[in-house]
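My notes follow in the order I took them.

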Amino acid sequence: MDGQDGRDGRDGLAQRFEAQRGRLRALAHRLLGSREEAEDAVQEAWFRLGRVDPAEVENLPGWLRTVVTRICLDTLRSRGARREVGLDEVIEAEAARHNPPEDAAVRADAVSHALLAVLDTLTPAERVAFVLHDMFAVPFQEIAPLIDRTPGTAKKLASRGRHKVRGTPAVPAAELARRRHLVTAFLTAARTGDVPGVLRVLAPDVVRRADAAALPPGAARELRGADAVARGTASLARRAHLAEPALIDGQVGAVIAPRGRLLLALTFTVRDGLISGYEVLADPARLRRLALAVLPAPPAPGTEGSEGDEPDDGDGQDRG
């Protein structure tokens, strides 16, 4: 009878764990940037759950969240310099990943690579505090012991992470929105190899410069004139498929950051409503010097110029 009760208890625990799997995967994905590493972290949490007495776990969702966070934090802290990979190698791998229909769990956990690239610039403690509090509404009293800090310090770390993620636009909101529209139109045309579409957003005397590592062997590092730049851009349509708009040094740009690893950044100059130049950065040292942030969402119609509510960043009482 005891054996049967044990099996029933384990079966029930497995069902309760599966009910939490999606949320745990989403948490681990944002903390680690990789779906594969996220799956490993969630699976490790299941193994650890199997080594404890279910009767001792009063709050299973909280227990699992704590375990997954600690696993991810250990991974972040032990993560050394990542192996340098070629851009074409990444493009092929991403194409292979996305050719098969993605399952519902992957679609439900969609998160921009640009956001993951920005999160990758945070310290492990900042990333944990920001993700848990701002994305999963975990109170600072629960976050603090996970990162060996006081609740007040955890709050400051989350605030620091929030400011890094948001960045500081270098132009007014209306101009930022216009440039976002321009860069989005450029990327949309580039993804489909639409030369006329690219030409529509380029100034006649546009100049494109690129690091050698960003280009196929033998390609010119500098192109001048709208026709040459448009054709050169369209020839890299497969790479453009991975590009996402982002805030770079306060300006609208774009990043190619599969699995949250920044491999390319595009910076743009704009004149009279057209792209007068853009640069493709691929050198790791140059990429590390960029201030990356998430590009603010376009304002809803009729709300231009309004100010949204700011989360409490001060030193007052913790939320939640």
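I call a residue buried under 20% relative accessible area, exposed over 50% and partly exposed in between, using a 1.4 Å probe and protein chains only. This is a predicted model, so I kept to its limits: local features need pLDDT of at least 70, side-chain atom pairs count only at pLDDT 80 or more, and totals for chains, interfaces and linings use all residues. Residues are numbered from 1 along each chain as its sequence is written, and side-chain values use heavy atoms, with hydrogens and water left out.

Entry: Thr-188. I took helices (H or I, at least four residues) and strands (E, at least two) as DSSP runs, numbered from the N terminus. Thr-188 sits in helix α10. Is it buried or exposed, or in between? With a relative accessible area of 43%, Thr-188 is partly exposed. I also checked His-241, which is 53 residues away along the chain; the two C-alpha atoms are 8.6 Å apart.

Entry: helix α12. In this helix, residues 226-234, I found Ala-226, Val-229, Ala-230, Gly-232, Thr-233 and Ala-234 buried. I counted a contact when heavy atoms came within 4.5 Å. The buried residues of α12 pack against α10 (173-191), α11 (195-199), β1 (202-210), β2 (222-224), α13 (237-240) and β6 (274-281).

Entry: salt bridges. My criterion was a side-chain nitrogen of Lys or Arg within 4 Å of a carboxyl oxygen of Asp or Glu. How many salt bridges does the whole structure have? The search finds 20.

I looked up Arg-259, which bridges to Glu-36 with the closest N and O atoms 4.0 Å apart. Arg-259 is in the loop between β4 (251-256) and β5 (264-271) and Glu-36 is in helix α2 (residues 35-49), so this pair ties together parts 223 residues apart in sequence. Arg-259 is partly exposed at 29%, and Glu-36 is partly exposed at 35%.

Next I took Lys-164 and Glu-126, whose side chains form a salt bridge at 3.0 Å, N to O. Lys-164 belongs to helix α9 (residues 151-166) and Glu-126 to helix α7 (residues 124-136), 38 residues apart. Lys-164 is partly exposed at 33%, whereas Glu-126 is buried at 1% relative accessibility.

Then I noted Arg-209 and Glu-222, bridged at 3.1 Å, N to O. Arg-209 is in strand β1 and Glu-222 in strand β2, so the pair ties together parts 13 residues apart in sequence. I also noted one network, in which salt bridges with shared partners join Glu-37, Arg-79, Asp-120 and Arg-127.

Entry: cores. I defined a nonpolar core as a set of buried Ala, Val, Leu, Ile, Met, Phe, Trp, Tyr and Cys residues joined through side-chain atoms within 4.5 Å. The largest has 56 residues, and Leu-119, Ile-143 and Ile-147 have the most contacts inside it. A separate core of 35 residues includes Leu-187, Ala-226, Val-252 and Ile-275. Beyond its neighbours within four places in sequence, Ile-147 touches Leu-73, Arg-77, Ala-125, Val-128, Ala-129, Ala-154 and Leu-157.

Entry: α7 with α9. I used axes fitted to C-alpha atoms over the stretch in contact, with angles from 0 to 180 degrees between N-to-C directions. The two axes come within 8 Å and cross at roughly 90 degrees. Residues of α7, among them Phe-130 and His-133, meet residues of α9 including Leu-157 and Arg-160.
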